[in-house]
Amino acid sequence: MEAFEGFSLHTLFSLLGGLSVFLFGLDMMSINLRKAAGSTLKLILEKATDNHFIGVIVGTVVTALIQSSSATTSILISFVQSQLMSFERSIAVIMGANIGTTITAQIVAFKVTKWSLAIITIGFLISLISQRPKTKYIAYTILGLGLLFYGLEIMSGSMKVLRSSDYFLELMQSLENVGLGILVGAVFTALIQSSSASLGIVIGMAMQGLVTIEAALPLILGANIGTCITAVLAAINSHAAAKRVAAAHVLFNVFGVLMFAFWVPQFTAIISQFTPADDVPRFIANAQTSFNIIATLVWFPFIPVLEKMARAMIPNDKNPQRTKYIFPKASELSNSPELLFIQSNDAICKYKRVVIEMLWLSREYFIHGNKEHEETLSSLREYQKEFREDILNFLGEISKLKLDSQDVQHALDQVSLVNEIEHIAYKLEVSLVNLKSGKQFFDESYQGLHEYFKQTIKNFSKSCNAILNEATTDVEKIAAKIDAINSLELELRNQSIEKIRNDDYYEDDKLNLWVLEFLRTVNASSKKITEIKKNYAIKL
């Protein structure tokens, strides 16, 4: 240990403790920024359209909130995995994520570590006196920021003893070798799975004069490669489209680093033009930001090329499951329940559409007795039952996480919605069993039954959309329409009863009554869904 004279076990734990406080503060900031963003985060994600420019902006803003490009890429992988987003749309967001993650380095580069305890105090006091949840989230964000700076101060202080170690200084100087520096930065960042933490440590060393600008730049470049490991791990058990998201992330960062690796001196000179010569921490932050902005500008016109390269790397699945909705692991996004609810909401939307398809097919089946529709309905019913189990299992995983009362209610409301939709599918199955016949089901004298069927399906769809799509339609109006259409059901029922009384009864009347009973059940479930909407705690 002579090479590290003065570096004791206490110093080691001070360094590790400082890093722990730094990461804890970063995590606290990330979690509470997402909670404070609330529905804004959902709106931002919804803007990630096929417009690549908007995609870059979305990636930048979301990652600035989440404080981690790895986390953003993992979210994109889960979104593509569950078909909430296409692979093509994710590439521009990945580019923006690399820009957004540099916000952390810019914050850390401010020399305000001496005020860290003051920032912690302010955040703690606000959290004590605040009553509103959103204010508390902001308070905890401030508290996390203070802890981040305090951890950085502890790390930096513990490194002071290394200034007297010639061996360590020579070791740091060897990192001026671009290839070695990139390798060390990549490996270290891959091990701790956080480029922000890597940059925090480099900045901490820079504050003590332990790392030069020439050595810092290769470490920065390497960190951009190492941070890809999180996305790669997240994509291992996913399907081809999701794996391509990780591949695009790796390709973008590796080619970006290779592009800069051959002109490090020139790049250093450019950054020095707008950074004070003695401010190495600010140089590190500016270099990281500039690298990602320039890499994005260079690659932006070649997004289709990046897409083709990722597709070439990851071939299509041998046995693709085109119809199966694939859910991410809830534990992977445990700190972002709002993102999990976006996915469950999307799954229920698709689930509802399956049942609506069943209802329209049943209308044709009941009218014409088409045996092909019977087989299709049976197949859809089996798929729908499996889909329901998958959704409920996913919501069960979400419920096991640490949720606030609003999120718990949100999960319960979604379970209630899924169960009401299942009730309709079950009643349809029962009706199909009772109405199996090769003849025409509807008596032509009951033309109103066709309209009643159509309006019932539309009202069911609207009642679900009022929740799932956060439609502005007043649920009271939907409920009123359901009540109004029920009066038609009563009229049709009375027609059948009148025929029976007049001994003018046909088998078709029995079938019509079964259909009327089924449709009445659908309307009753639609009415219950509007009741869910009244208490539905939308937090997305």
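Is F255 buried or partly exposed? With a relative accessible area of 33%, F255 is partly exposed, and the points below set this residue beside other features of what is a predicted model.

1. Overall make-up. The protein has 23 helices and zero strands, and 53% of its 540 residues count as buried. Among contacts with a separation of 6 or more, 83% are between residues 24 or more positions apart. The protein exposes about 24,100 Å², and 60% of that area is supplied by carbon and sulfur atoms.

2. Aromatic pairs. Seven aromatic pairs are found in a search of the whole structure. One of them joins F255 to W299 in a tilted arrangement, at 5.8 Å centre to centre and with 50 degrees between the planes. This pair links distant parts of the chain, since F255 belongs to helix α14 (residues 240-261) and W299 to helix α16 (residues 280-299), 44 residues apart.

3. A pair within one helix. The ring centres of Y383 and F387 lie 5.7 Å apart with their planes at 45 degrees, so this pair is also described as tilted. Both residues sit in helix α19 (residues 371-399), where being four residues apart separates them by about one helical turn. Y383 counts as partly exposed at 23% relative accessibility, whereas F387 is buried with a relative accessible area of 4%. Elsewhere, F260, W263, F267 and F291 are linked into a cluster by ring pairs.

4. Nonpolar cores. The largest nonpolar core has 50 residues, of which F366, I391, L417, I421, L428, F460 and F518 touch the most other members. At least two residues of this core come from each of α18 (337-368), α19, α20 (405-434), α21 (447-468) and α23 (507-534), and α18 gives the most, with 14 residues. Another core, of 44 residues, lies apart from it and includes A105, L210, V264 and I271.

5. The structure holds seven salt bridges. In one of them E422 is joined to R381, with the closest N and O atoms 3.1 Å apart; because E422 lies in helix α20 and R381 in helix α19, the pair ties together parts that are 41 residues apart in sequence. Both partners are buried, E422 with a relative accessible area of 13% and R381 with 5%. R388 and E389 form a further salt bridge, whose closest N and O atoms are 3.1 Å apart; here R388 is buried at 18%, but E389 counts as partly exposed at 39% relative accessibility.

6. R311 is partly exposed, with a relative accessible area of 30%. A network of salt bridges links E88, E307 and R311.

7. A nonpolar surface patch. L180, L183, V184, V187, F188, L191 and I192 form a nonpolar patch on the surface, and together they have about 580 Å² of accessible area. F188 is placed in helix α10 (residues 178-192) and counts as partly exposed at 34% relative accessibility. As background to this point, nonpolar side chains in soluble globular proteins tend to be buried together.

Note on methods. Residues numbered from 1 in each chain as written. Predicted model: local features only at pLDDT ≥ 70, side-chain atom pairs only at ≥ 80, totals over all residues. Heavy atoms only, no water. Patch = residues over 30% accessible without salt bridge, like charges linked within 9 Å, V, L, I, M, F, W, Y side chains within 5 Å. Areas by Shrake-Rupley, 256 points an atom, 1.4 Å probe, with all protein chains shown as cover. Salt bridge = Lys/Arg side-chain N within 4 Å of Asp/Glu carboxyl O. Buried < 20%, exposed > 50% of the residue type's maximum accessible area, 1.4 Å probe, protein only. Contact = heavy atoms within 4.5 Å. Phe/Tyr/Trp six-rings, centres within 6.5 Å; stacked < 30°, edge-to-face > 60°. Core = buried A, V, L, I, M, F, W, Y, C linked by side-chain atoms within 4.5 Å.
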